[in-house]
Amino acid sequence: MDIIDFAWRPLYLVLRFLLWLAWDFLVWSIAWGLGWPVWRALTLGRFPHVGIRDHEDAGVLEAIAVCGTGLAVLGAALWFTHAQVMGG
């Protein structure tokens with residue numbers, strides 16, 4: 001049993017690091033960066049209350065709204081691109 005744990009531990013740490021990296025890059029860099037200007041334009045600069053690089057200072061609901069919007073924008077862009085390329 002110790003040999004399995006010994007072999008599994010490095011793989012677990014690598015997978016955990018990749019998950020953290022994907023979360024940090026996809027959500028905070030991409031989704032926040034796409035959602036922030038959308039919300040700023042829609043609310044005429046009143047929301048979100050933090051700057052584009054200050055996502056650590058955002059509240060939970062603020063972060064969910066901005067990142068959710070960013071993911072929706074990313075999904076819509078991918079869907080539109082796919083529809084244009086595939087002709088559908």
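Biologist: Trp-39 first. Buried, exposed or partly exposed?

Modeller: This is a predicted model. Trp-39 has 25% relative accessibility, so it counts as partly exposed.

Biologist: And Phe-17, buried, exposed or partly exposed?

Modeller: Phe-17 comes out at 45% relative accessibility, and therefore counts as partly exposed.

Biologist: Which kind of ring pair do Trp-39 and Phe-47 make?

Modeller: Edge-to-face, because the planes of Trp-39 and Phe-47 stand at 75°, and over 60 degrees counts as edge-to-face. The ring centres of that pair are 5.1 Å apart.

Biologist: How many aromatic pairs are there in the whole structure?

Modeller: The search finds three. One of them is Phe-17 with Trp-20, with centres 5.8 Å apart and planes at 35°, so that pair is tilted.

Biologist: Where do Phe-17 and Trp-20 lie?

Modeller: Both are in helix H1, which covers residues 2-42. Three residues separate them along the helix, about one turn.

Biologist: Changing topic. How many helices and strands does the chain have?

Modeller: Two helices and zero strands.

Biologist: What is the radius of gyration of the chain?

Modeller: The chain has 18 Å, whereas a compact globule of 88 residues would be near 12 Å. The C-alpha trace spans about 60 × 40 × 15 Å along its principal axes.

Biologist: What share of the residues is buried?

Modeller: Buried residues are 19% of the 88 in the chain.

Notes. Residues numbered from 1 in each chain as written. Predicted model: local features only at pLDDT ≥ 70, side-chain atom pairs only at ≥ 80, totals over all residues. Heavy atoms only, no water. Helix = DSSP H or I, 4+ residues; strand = E, 2+ residues; numbered from the N terminus. Rg over C-alpha atoms; globule rule 2.2 N^0.38 Å. Buried < 20%, exposed > 50% of the residue type's maximum accessible area, 1.4 Å probe, protein only. Phe/Tyr/Trp six-rings, centres within 6.5 Å; stacked < 30°, edge-to-face > 60°.
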